[in-house]
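Trainee: Could you walk me through this structure and show me how to read its features?
Mentor: Gladly, let us take them step by step.

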Amino acid sequence: MTEASAGRLSESTRAEISRLAAMYPERRTALLPALKLAQADVGFLPPEAIAEAADVVGVPHSAALELVSFYTMLFSEPGPARRLIVCAQLPCALRGAEGLIRDLRAGLRQQIEAGAVEVERTSECFGACHKAPMARLGDEYRERLDDAARRRLIDELGG
Amino acid sequence: MSVALNYVPVLLTHPGRTGPVSLDEYCSEGGYAGWRKALTAMTPEQVIEEVKASGLRGRGGAGFPAGMKWSFIPKAPGAKYVAVNADESEPGTFKDRELIEVEPHRVLEGVALCCYAIGAETAFVYIRGEYVEPADRLEAAIAEAEAANVLGAGCLGTAVNVKIHVFRGAGAYICGEETALLESLEGRRPMPRSRPPFPAVEGLYRRPTVINNVETLANVPGIIDRGSAWYNTIGTPPRNTGPKIFCLSGRVNRPGNYELPLGAATVRELIDDYGQGVIGGKAVKGVLTAGVSAPILTADKLDTRLDYDSVQAAGSMLGSASLIVLDEATCIVRAAALMEDFFRHESCGKCTPCREGTSWLFKILQRIEQGHGRPADLDLLVSLSGEISGKVLCALGDFATSPVVATVKQYREEYEQHISEHGCPFEPW
């Protein structure tokens with residue numbers, strides 16, 4: 001088991017958090033970036049990772065925990081290998097977001113049941129309304145998901 | 001046809017392009033000329049006066065005069081900061097994304113000019129966490145500009161230092177609220193502060209701070225390079241000068257960002273001439289002009305000019321100029337429920353009326369849409385909205401009631417039909 005898989009941060013992550021904390025006018029500004037770095041390192045944010053990130057920045061663990069429980073892009077539980085988040089807010093809904101969600105859930109049924117893929121519906125807007133309907137796959141935007149594009153996306157995810 | 005069709009963009013000067021404009025390319029097209037002019041021939045006060053004379057109003061939504069905001073910063077020595085609001089999260093808004101993706105140096109030049117004007121050496125661009133690619137491009141552009149000594153320590157061989165940090169959010173609409181943004185930058189839960197003190201006096205790290213939207217700052221290089229008199233030839237002076245990027249989405253054939261002078265086009269012209277009309281030739285039911293945060297304009301208001309004052313006179317707000325077009329096949333109750341679902345999700349939870357009220361508004365709208373509405377629900381929606389609006393620390397609570405109150409008022413018979421027929425009369429969409 002690597003250090004990271006035990007919920008501990010790698011040396012390079014700790015070093016990067018230290019660098020950021022020293023760079024900003026106040027160290028605590030590095031807390032949110034530190035948690036994102038920790039999440040990228042470990043895969044999610046278990047209590048050990050949250051505590052370690054807070055320690056490197058130099059703030060109480062509770063200060064870090066209250067960010068983790070607030071921001072939607074920070075995860076305190078392990079997630080699926082691939083997380084597909086579909087915008088269903090008004091501009092996307094007006095261009096077929098619900099149909100997109102139905103198609104993705106049907107096409108990826110086996111992968112979803114196996115816990116390998118998650119298709120999440122969100123009411124957040126991702127700023128891609130002119131290329132609706134759309135979804136985020138990890139950090140990537142997948143836009144203009146018409147029939148052909150959503151078929152390719154399903155194929156890509158093993159469906 | 002709109003006269004605005006002859007307009008040559010000054011912000012998004014590379015229509016259709018998806019890749020970023022490099023430093024060399026930007027400079028070859030006159031970029032950083034305003035920055036050079038300010039550093040070599042203008043005092044900070046002269047920069048502020050030029051921006052004031054331009055009439056530039058904040059493009060993030062509130063429309064507050066940018067030069068006046070800069071002039072509020074105390075002249076006393078000590079650290080000052082610029083915070084750039086790139087937390088673009090309002091439904092229907094995608095203009096700052098394109099500015100950063102394609103014109104990163106125009107944005108950076110505006111940030112640098114703001115720093116110089118108020119005497120700040122450090123700026124933070126607070127960009128929403130989902131904008132990974134735009135944030136990467138902005139960081140690359142900063143590295144380019146620092147390597148060429150345009151930004152960084154001793155900019156262009158002067159004694160002026162400007163360090164611009166890209167700070168990535170992590171998924172929270174509330175960070176677009178300026179004091180929540182500051183809390184987020186300080187590593188705290190992003191919940192709005194009570195004011196006063198205002199950020200110009202006590203902002204980031206309790207120091208004087210200017211917070212401007214990306215598009216606002218992207219206007220500044222042109223103002224400094226070509227002058228406020230030139231800027232006043234664009235738009236409809238004195239209160240609606242300059243260009244504006246209109247985000248057009250919803251049921252139109254060609255959604256997208258369209259840069260036009262303020263007041264040059266009407267809502268109808270934007271939809272027909274730029275958006276190439278409504279899909280399937282259907283009639284417009286209504287248009288949201290400020291994303292989901294202001295009252296809907298009904299179809300009889302389509303000849304409203306797209307500037308701050310005209311949209312306000314028509315009963316709404318221009319806001320970030322994010323126009324979402326609803327056609328006749330759109331169920332207004334479902335649309336309102338979707339919008340309220342957004343606010344319910346995004347309420348930070350600090351103020352009880354907003355935290356609890358937005359959830360109740362959503363639940364009532366949802367039950368009406370699903371056929372379980374009661375005749376008293378419409379008055380309940382309006383009275384509950386009155387318990388939120390104006391009784392909270394930030395504008396989110398006010399925004400959250402707009403889609404409800406306006407649609408109940410303007411489309412009341414559609415709500416009543418849902419209740420009397422115990423269901424939605426529209427085809428699902």
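**Reading the two chains**

Mentor: Let us begin with chain A, whose domain assignment gives domain 1 (4-68) and domain 2 (82-156). Please keep in mind that this is a predicted model.

Trainee: How many Å separate the centres of domain 1 and domain 2 of chain A?

Mentor: Taken over C-alpha atoms, the centres of these two domains of chain A are 31 Å apart. The C-alpha trace of chain A spans about 50 × 35 × 20 Å along its principal axes.

Trainee: What does the secondary structure of chain A come to?

Mentor: Chain A has 8 helices and 4 strands. Following the sequence, their pattern is α-α-α-α-β-α-α-α-β-β-β-α. Of the 159 residues in chain A, 45% are buried.

Trainee: How should I judge the confidence of the prediction?

Mentor: Where pLDDT is low, the predicted coordinates should not be read in detail. For chain B the mean pLDDT is 97, and 99% of the residues reach 70 or more. For the complex, the predictor gives an ipTM of 0.95 and a pTM of 0.96.

Trainee: Which domains does the assignment give for chain B?

Mentor: Chain B is assigned domain 1 (20-233), domain 2 (242-327) and domain 3 (332-420). Between domain 1 and domain 2 of chain B, the C-alpha centres lie 27 Å apart. Here 17 residues of domain 1 of chain B are in contact with 17 residues of domain 2 of chain B. On the domain 1 side of that contact, helix 5 (95-102) and helix 9 (214-226) of chain B each supply at least two residues. The residues on this domain 1 side divide into 4 nonpolar, 7 polar and 6 charged.

Trainee: Helix 9 of chain B also meets helix 6 of chain B. At what angle do their axes cross?

Mentor: The axes of helix 6 (residues 104-118) and helix 9 of chain B cross at roughly 80° and come within 7 Å. An angle of 65 to 115 degrees counts as roughly perpendicular, so helix 6 and helix 9 of chain B are roughly perpendicular to each other. To find the place, look in helix 6 of chain B for residues including Val107(B), Val111(B) and Leu113(B), which belong to the group that meets helix 9 of chain B. From helix 9 of chain B, the residues taking part include Leu217(B), Val220(B) and Ile224(B). The residues of this helix 6 and helix 9 contact in chain B divide into 10 nonpolar, 2 polar and 2 charged.

Trainee: Now for the interface between the chains. How many residues of chain B are in contact with chain A?

Mentor: As a general idea, the size of an interface is often given as the accessible area lost when the parts come together. Here we can count residues: 37 residues of chain B are in contact with 31 residues of chain A. The elements giving two or more residues to the chain B side are helix 8, strand 7 (243-250), strand 8 (256-261) and helix 13 (332-346) of chain B. Helix 13 of chain B gives the most, with 6 residues. The chain B side that touches chain A divides into 16 nonpolar, 14 polar and 7 charged residues.

Trainee: What can I look for in the backbone itself?

Mentor: Start with the peptide bonds. A cis peptide bond joins Ala132(A) and Pro133(A), with omega about -5°. Pro133(A) is in the loop between strand 2 (117-122) and strand 3 (135-137) of chain A. Another cis peptide bond joins Pro196(B) and Pro197(B), with omega about 0°. Pro197(B) sits in the loop between helix 8 (178-185) and strand 4 (209-213) of chain B.

Trainee: And which value of phi does Leu156(B) have?

Mentor: Leu156(B) has a phi near 50°, a positive value in a residue other than glycine. This leucine is in the loop between helix 7 (132-147) and strand 3 (163-168) of chain B. Ala321(B), also not a glycine, has a positive phi of about 60°. Ala321(B) lies in the loop between helix 12 (308-313) and strand 11 (322-327) of chain B.

Trainee: Is Ala321(B) buried or exposed?

Mentor: The cut-off for buried is 20 or more C-beta neighbours within 10 Å. Ala321(B) has 29 inside 10 Å, so Ala321(B) counts as buried. Leu156(B) has 16 inside 10 Å and therefore counts as partly exposed.

Definitions and conventions
Residues numbered from 1 in each chain as written. Chains lettered and ligands numbered in written order. Predicted model: local features only at pLDDT ≥ 70, side-chain atom pairs only at ≥ 80, totals over all residues. Buried ≥ 20, exposed ≤ 12 C-beta atoms within 10 Å, placed from the backbone. Contact = placed C-beta atoms within 7 Å. Nonpolar A, V, L, I, M, F, W, Y, C, P; charged D, E, K, R; others polar. Domains from an automatic or database assignment. Axes fitted to C-alpha atoms, helices over the stretch in contact; angles between N-to-C directions. Parallel < 35°, antiparallel > 145°, perpendicular 65-115°, else oblique. pLDDT = per-residue confidence, 0-100.
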